Amino acid sequence: MNNMIKTTGKLLENEPMAKYTSWRVGGVAEKMYLPTDKQDLVLFLKTLPKETELFWLGLGSNLLVRDGGISGVVINTRNRLKSMSCVGENKVYVEVGVPCARVARFCVDNGLKGAEFLAGIPGTIGGALKMNAGAFGGETWDIVNTVDVVNRYGELERKPTEAFDISYRSVKGLKADEEWFLGAELTLSVGDTSQSLQQIKDLLEKRALSQPVNQPSCGSVFKNPEGDYAARLIEATDLKGYQIGGACVSEKHANFIVNINKATAADIEALIEHVQQAVKKQHGVDLQTEVCRVGRGK
Ligand SMILES: Cc1cc2nc3c(=O)[nH]c(=O)nc-3n(C[C@H](O)[C@H](O)[C@H](O)COP(=O)(O)OP(=O)(O)OC[C@H]3O[C@@H](n4cnc5c(N)ncnc54)[C@H](O)[C@@H]3O)c2cc1C
């Protein structure tokens with residue numbers, strides 16, 4: 001790395017990814033960069049050798065990091081790219097490291113509605129942009145106006161939503177391993193604060209009733225196949241409670257795999273494959289994973 005230009009963030013080495021994933025599993029990141037802010041991150045990218053592998057991390061709530069860890073540099077955005085502000089009528093600009101729940105609350109506090117569904121999604125806005133995260137009928141890209149993207153050379157570009165191909169839990173349009181989101185301008189509408197707060201309360205209660213929110217998981221492991229629910233198919237295959245090592249299909253919600261006893265990433269991956277094979281055998285349906293898998297096996 002070029003030491004002539006001074007970056008101010010922190011560069012960690014051999015950082016255990018289990019500390020940063022909601023499943024609490026994963027090998028070490030060879031390096032992890034914690035930028036001070038957006039400008040510092042851009043500077044860091046400009047100084048990096050161009051062949052360096054990069055992986056961007058939000059809150060790790062949709063991530064299976066394999067036990068052999070991640071080579072190159074993990075860019076940790078959580079609570080680093082954290083600015084958020086109202087930028088005109090019904091518009092909010094948010095940097096990618098801001099947790100979704102804070103965005104929901106900020107919009108409500110400013111009398112805006114449309115972001116309530118984000119309240120129960122335990123990730124950052126960056127992760128939500130990448131995954132088109134959604135819940136209770138709302139999806140992230142429904143409220144996106146423009147996004148700011150940075151490439152590995154530290155070059156910035158503002159792009160409209162039309163530059164992306166958006167569908168259920170899928171967003172195409174970033175160059176793989178070359179471009180990432182830095183921030184988004186959201187468009188909302190004028191709302192009623194007490195109604196929005198009630199909506200958030202209701203949806204958090206629904207989650208607590210139907211999901212194992214107090215056990216380490218990554219939320220839904222599989223995408224719902226067209227016209228059906230992954231959870232229904234898994235339950236109908238009698239897999240609730242099925243366990244491999246420390247990983248178990250949740251008794252509370254069959255599309256969740258929970259880490260009940262020091263699971264490894266290999267346990268979780270083996271369980272994912274077992275569920276896919278069993279559902280295919282019994283129902284003829286190929287379940288596709290929603291969760292992102294990264295890193296090397298051991
Ligand atoms: C209990 C629980 C409930 C959940 N409920 C829901 C739900 O209702 N709906 C839903 O959609 N999801 C849900 N999830 C999954 C998860 O919270 C979302 O997918 C979330 O958007 C992931 O955000 P993150 O910051 O944690 O991303 P991470 O897990 O850190 O990363 C996910 C992917 O996004 C990429 N990424 C992160 N930041 C950027 C960036 N700035 N630019 C480009 N790529 C980036 C990563 O490289 C990775 O590929 C749930 C998870 C849990 C644990």
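Mentor: Asn-62 counts as buried because its relative accessibility is 13%, where buried means under 20%, exposed over 50% and partly exposed in between, with a 1.4 Å probe and protein chains only. This is a predicted model, in which local features need pLDDT of at least 70 and side-chain atom pairs count only at pLDDT 80 or more, while totals for chains, interfaces and linings use all residues. Residues are numbered from 1 along each chain as its sequence is written, and side-chain values use heavy atoms, without hydrogens and water.

Asn-62 sits in the loop between β3 and β4 (63-65); strands are DSSP runs of E with at least two residues, helices runs of H or I with at least four, numbered from the N terminus. Beyond its neighbours within four places in sequence, Asn-62 is in contact (heavy atoms within 4.5 Å) with Met-131, Cys-218, Glu-290, Val-291 and Cys-292.

Toward the ligand, a backbone N or O atom of Asn-62 lies 2.9 Å from a ligand oxygen atom, a polar contact being a pair of N or O atoms within 3.5 Å. A polar side-chain atom of Ser-61 lies 2.6 Å from an oxygen atom of the ligand, and for a side-chain N or O atom of Arg-207 the distance to a ligand oxygen is 2.7 Å. The protein buries 93% of the 970 Å² that the ligand exposes when taken alone, with areas from the Shrake-Rupley method and a 1.4 Å probe. α3 gives the most to the shell around the ligand, five residues.

Notes: A polar contact is a pair of N or O atoms within 3.5 Å; within protein, one must be able to donate a hydrogen and the other to accept it, and residues adjacent in sequence count only if both atoms are side-chain atoms.
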